Amino acid sequence: MSDDDITTTGESTRRDYVKFGGAVVGGGLLAGCTGGSDDDSTPPANETGGATNETADSDGTDESTEDAGYSVEMSPVGEVAFDAVPETWESYFPGYADMGVALGQADGLTAVGVKSRYHTEYYDELDGVSVDKGEITQLYDEGIDKELYYELDSDVHITDPQWLLKNSFFGLDEGDVTELTENVAPFVGNANFRRTDPWHDYRYYTMYEAFEKVAEIFREGDRFRAFASLHDDLLARVQADLPAADARPAGLLCFAGSDAPEKFSPYRLTDKGTNKKHFRDLGVSDALSGTGVEGLSTDDRGQIDYETMLEVDPDALFVRGHETKTRAEFEDTVLAFMKEHSVASELTAVESGAVYRGGPIYQGPIQNLFLTERFATLLYPDTYSGELFDRDAVSAIVTGDA
């Protein structure tokens with residue numbers, strides 16, 4: 001790529017300052033990065049207090065105004081103006097990719113951060129819904145090459161820029177993000193999949209708060225509201241039949257990619273990040289509460305072993321890193337190893353067989369429906385069985401046939 005492909009002289013740029021007219025307004029590129037903006041004093045909505053708490057109260061977007069231009073405000077960037085609806089887009093976070101797919105925007109997806117962490121197999125159960133990961137680009141490869149953003153030429157980057165800047169392994173700095181915003185497209189997004197990063201001192205969004213922002217970007221308010229209604233209905237039905245609190249499991253969520261794991265990186269279920277939403281919605285408590293064991297974050301990659309697990313002795317053990325396996329394949333490898341292990345075999349969860357795949361690290365609204373169903377039927381088999389939500393209804397929303 002030549003320099004002429006990137007910039008020109010004077011007031012114009014390679015794309016005449018973003019081909020669809022996107023611009024950051026109201027405070028600069030990284031407005032709100034240090035807290036205090038976007039109503040940081042207001043706590044995010046509680047995801048566990050009832051079926052409707054995830055869904056925003058506003059009427060959503062008004063598609064009739066799209067030709068006149070519009071703006072979307074989201075921490076940490078602030079307000080981003082659009083002259084037209086983006087046709088192509090990328091997101092480092094696969095959970096946001098799932099949001100775009102839910103809004104009927106699969107054809108415009110150009111890239112995700114790490115393709116192996118974008119679990120598209122859920123779409124196989126939805127007629128007319130698919131993403132070919134072979135056709136999208138992986139952003140991360142021992143860092144992120146800034147030139148890749150120029151090559152992708154996406155209309156919007158649905159990525160929290162602070163995620164890129166605060167993790168040194170990406171190799172990007174504020175000057176790079178500013179350049180890409182001015183020459184390619186704006187960044188808008190929030191790193192909300194976990195809430196343990198000390199640098200994230202600005203507002204977090206629940207899954208459906210963030211989903212509504214993505215709907216505003218694509219002017220898909222009707223699809224968002226339809227999806228939110230389906231989600232709220234599922235939670236209302238499931239939560240109405242949950243066992244009493246003392247009959248719900250205390251779970252330990254961890255990561256260990258090996259089929260014969262000896263060490264585990266723990267997560268905290270008390271962390272209200274979106275990647276644990278299904279556990280909170282199903283009343284699973286955190287077995288690590290009061291133990292002093294912290295969860296994964298940017299700066300802390302501590303591990304625990306079976307001896308530590310035995311001190312905690314959770315009712316259920318959720319192991320991430322095995323999402324591509326079936327339940328049977330997981331039982332034949334990871335659980336079989338634990339049953340033969342001298343210490344692991346003493347765990348209550350291992351003895352009872354309550355050791356499960358932990359679900360993906362990143363999840364969006366489609367994936368969340370499947371995960372809520374999966375763990376409801378696994379954890380409470382006497383109460384829930386079979387399909388708990390209407391696949392055809394989801395397909396109709398995504399494909400526009402609703």
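This is a predicted model: local features need pLDDT of at least 70, side-chain atom pairs count only at pLDDT 80 or more; totals for chains, interfaces and linings use all residues.
Local features need pLDDT of at least 70 and side-chain atom pairs count only at pLDDT 80 or more, while totals for chains, interfaces and linings use all residues. Residues are numbered from 1 along each chain as its sequence is written, and side-chain values use heavy atoms, with hydrogens and water left out.

User: How many residues of helix H2 are buried?
Analyst: Helices are DSSP runs of H or I with at least four residues, strands are E runs with at least two, and both are numbered from the N terminus. Buried means under 20% relative accessible area, exposed over 50%, and partly exposed in between (1.4 Å probe, protein chains only). Helix H2 spans residues 94-102 and is mostly covered, the buried count being 9 of 9.

User: Which residue forms a salt bridge with Asp286?
Analyst: A salt bridge places a side-chain nitrogen of Lys or Arg within 4 Å of a carboxyl oxygen of Asp or Glu. Here the N to O distance is 2.7 Å, and the partner of Asp286 is Arg268. This pair links distant parts of the chain, 18 residues apart, with Asp286 in strand S10 and, in the loop between strand S9 and helix H8, Arg268.

User: Why are Glu331 and Arg327 separated by about one helical turn?
Analyst: Glu331 and Arg327 form a salt bridge, with their closest N and O atoms 3.0 Å apart. The separation is about one helical turn because, within helix H10, the two residues are 4 residues apart.

User: Which residues are linked with Glu373 in a network of salt bridges?
Analyst: Glu373 meets Arg391 in a salt bridge at 2.6 Å, N to O. Both Glu373 and Arg391 are buried. The network links Glu373 with Glu125, Glu387 and Arg391.
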